[in-house]
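Please keep the structure in view while reading.

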Amino acid sequence: MLYHDVKFIGSAVMQSQWPATELPEIVFAGRSNAGKSSLINSLVNRANLAYTGKTPGKTRMLNFFEVDNMMVFADAPGYGYAAGSQRTFEDFAGLMDPYFENRKNLKAVILVLDIRRVPNDDDMTMVRYAQQAHLPLLAVCTKGDKLSRNQQIRQLGIITKTLGIRKESAVVTSSLKKTGMEDVWDLISRSIGISQDSK
């Protein structure tokens, strides 16, 4: 797996704190325990780039990372951990609503899902964010090592049908076994219009 040139370029809780860059941006979103941070770390072959904590939902900011001087990864706060918390929901919406409405260089949404789970209402909210912003939604189903190949195929079908996306827009990964990362990079490359050879 290639080692990518990555640097942290800022955190934001409001629009005025967004980093000033015109590079194409990909936002990673998902439930707090879906394995989002582990996925980002695996994609760039770094151990601790994105925060992976014992308490899901700890990060409450958008964190921005420049990758290979070609694109930006935006790591959104995990959602859904504090079930029933209206304040948590309002904080998340207050952060993400203006981001999806006003971030001009945002090119795609990567929805990170635990392959063993069916997308819930919070996940479908992210689908609506992508639709309203006219952005491609790419589903990355983590923890593939927890299921057999046949189980993966079955779950992938359920997930893509629930989300209303094509199977070509979804991949299965395992951060533990470092599998599926090149498939994710292929989805990213196609969504922002760069070739695999240029990474």
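The model contains an open sheet of 7 strands with mixed pairing, and the strand order is β1-β3-β4-β2-β5-β6-β7. The edges are taken by β1 (6-12) and β7 (170-172); each has a single partner strand, so one side of each is left without a neighbour in the sheet. On average, and with direction ignored, neighbouring strands of this sheet are turned by 25 degrees against each other. The model is predicted.

**Strand pairing and helix packing**

- Strand β2 (residues 25-30) pairs with strand β4 (residues 71-75) in the parallel sense, over 4 bridges.
- Within this part of the sheet, E25 stands opposite V72 in β4.
- Helix α1 (residues 36-43) packs on the sheet, where it touches β2, β4, β5 (106-114) and β6 (137-142).
- The direction of helix α1 makes about 145 degrees with that of β2.

**Aromatic residues**

- The structure holds 8 aromatic pairs.
- Y99 and F100 form an edge-to-face aromatic pair, with 5.7 Å from centre to centre and 80 degrees between the planes.
- This pair counts as edge-to-face because the angle between the planes is over 60 degrees.
- Y99 has a relative accessible area of 0% and is buried.
- F100 also counts as buried, because its relative accessibility is 8% and the limit for buried is under 20%.
- Y99 and F100 belong to one aromatic cluster, together with W18, F64 and Y129.

Notes:
Residues are numbered from 1 along each chain as its sequence is written. This is a predicted model: local features need pLDDT of at least 70, side-chain atom pairs count only at pLDDT 80 or more; totals for chains, interfaces and linings use all residues. Side-chain values use heavy atoms; hydrogens and water are left out. Rings of Phe, Tyr and Trp (its six-membered ring) pair if their centres lie within 6.5 Å; planes under 30 degrees apart count as stacked, over 60 as edge-to-face and the rest as tilted. Buried means under 20% relative accessible area, exposed over 50%, partly exposed in between (1.4 Å probe, protein chains only). Two strands pair if DSSP finds at least two bridges between them. Helices (H or I, at least four residues) and strands (E, at least two) are DSSP runs, numbered from the N terminus. Axes are lines fitted to C-alpha atoms, for helices over the stretch in contact, and angles run from 0 to 180 degrees between N-to-C directions. Contact means heavy atoms within 4.5 Å.
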